[in-house]
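User: I am new to this structure and would like to be taken through it step by step. Could you help me read it with care?

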Amino acid sequence: MQKLTNRSVQVNRDPMTMMERAYLPALAKGLVITLAHIFKKPATISYPEKKRPFSPVFRGLHILNRDENGAERCTACGLCALACPAEAITMEAAERKPGEEQLYREEKYAAKYEINMLRCIFCGYCEEACPKDAVYLTETVMPSNYTRESFIYKKEDLLIPDPKTPNIK
Ligand code: SF4
Ligand code: SF4
């Protein structure tokens, strides 16, 4: 029969020798490979005790920022949601009431602000679109979790602590 390629290999069907049946050469070859790897620098690290440095352009979990007086910067203008290619951001705006000037920087604020981290692709467009420097992507790696709901980050999860009351978010 005509060969299709010249890459075919004739299988050796000779009976195994005494040494081959003892598998000693194969065992010795395997041990040499194992020993050679013991003295090589490991490719892995002991995470989370050790961490690799991130790229300077790494983008992680979002935060909602406050101004220097501790008031929320976000005015619920919706530009971040509009810029988001993954449609991951939703919000509800509310009017600031008299006496709430210390809480909210402008007349409008986000009563509800959510980011669906399962949709987010960490592109940073929301940060770029924000005219109030309110939303930032940090260097914190998105933690894993077991439920889909836990990946919906609410305003309380995103807002940085008030510097005047550091234990209250
Ligand atoms: S980082 Fe990108 S995908 Fe994620 S919320 Fe912001 S704009 Fe949307
Ligand atoms: S985070 Fe910025 S862009 Fe998004 S709603 Fe608030 S102020 Fe507007």
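This is a predicted model: local features need pLDDT of at least 70, side-chain atom pairs count only at pLDDT 80 or more; totals for chains, interfaces and linings use all residues.

User: Of the contacts in the protein chain with a separation of 6 or more, what percentage comes from residues 24 or more positions apart?

Analyst: The count takes the contacts in the protein chain whose partners have a separation of 6 or more, and asks how many of them join residues 24 or more positions apart. That share comes to 72%.

User: How many helices and strands does the protein chain have, and in what pattern do they follow one another?

Analyst: The secondary structure of the protein chain comes to 5 helices and 5 strands. Read along the sequence, these elements follow the pattern α-α-β-α-β-β-α-β-β-α.

User: Which strands are the edge strands of the open sheet?

Analyst: The open sheet is formed by 3 strands in the order 2-3-5, with antiparallel pairing. Strand 3, residues 108-116, pairs with strand 5 over 2 bridges, and Asn 116 has Ile 152 in strand 5 as its bridge partner. The strands that pair on one side only, and are therefore the edge strands because strands pair if DSSP finds at least two bridges between them, are strand 2 (89-95) and strand 5 (152-153).

User: Which peptide bond is cis, the one where omega is near 10°?

Analyst: The place to look is the loop between helix 2 (24-38) and strand 1 (62-64), where Pro 48 is found. With omega near 10°, the cis peptide bond is the one from Tyr 47 to Pro 48.

User: Where is Asp 133 found?

Analyst: Asp 133 is not a glycine, yet it has a positive phi of about 50°, and it is exposed, with 11 other C-beta atoms within 10 Å. Its place in the chain is the loop between helix 4 (125-129) and strand 4 (135-137).

User: Which residues does Asp 67 touch, not counting residues up to four places away in sequence?

Analyst: Asp 67 lies in the loop between strand 1 and helix 3, and counts as partly exposed because 13 C-beta neighbours lie inside 10 Å. Although Asp 67 and Arg 105 are 38 residues apart along the chain, their C-alpha atoms are separated by 7.6 Å. Leaving out residues up to four places away in sequence, Asp 67 touches Arg 73 and Arg 105.

User: Which residues are the closest to ligand 1?

Analyst: The shell around ligand 1 divides into 13 nonpolar residues, 1 polar and no charged. Of the 14 residues that surround ligand 1, the closest are Cys 84, Cys 120, Cys 123, Tyr 125 and Cys 126.

User: And how many charged residues are in the shell around ligand 2?

Analyst: Ligand 2 is surrounded by 14 residues, and the closest are Cys 74, Cys 77, Cys 80, Cys 130 and Ala 134. The shell around ligand 2 divides into 11 nonpolar residues, 2 polar and, for the charged ones, 1.

Key
Residues are numbered from 1 along each chain as its sequence is written. Chains are lettered from A and ligands numbered from 1 in the order in which they are written. Helices (H or I, at least four residues) and strands (E, at least two) are DSSP runs, numbered from the N terminus. Two residues are in contact if their C-beta atoms, placed from the backbone, lie within 7 Å. A residue is buried if 20 or more other C-beta atoms lie within 10 Å of its own, exposed if 12 or fewer, and partly exposed in between; C-beta atoms are placed from the backbone. A residue is near a molecule or strand if its C-beta atom, placed from the backbone, lies within 6 Å of it. Ala, Val, Leu, Ile, Met, Phe, Trp, Tyr, Cys and Pro count as nonpolar, Asp, Glu, Lys and Arg as charged, and the others, Gly among them, as polar.
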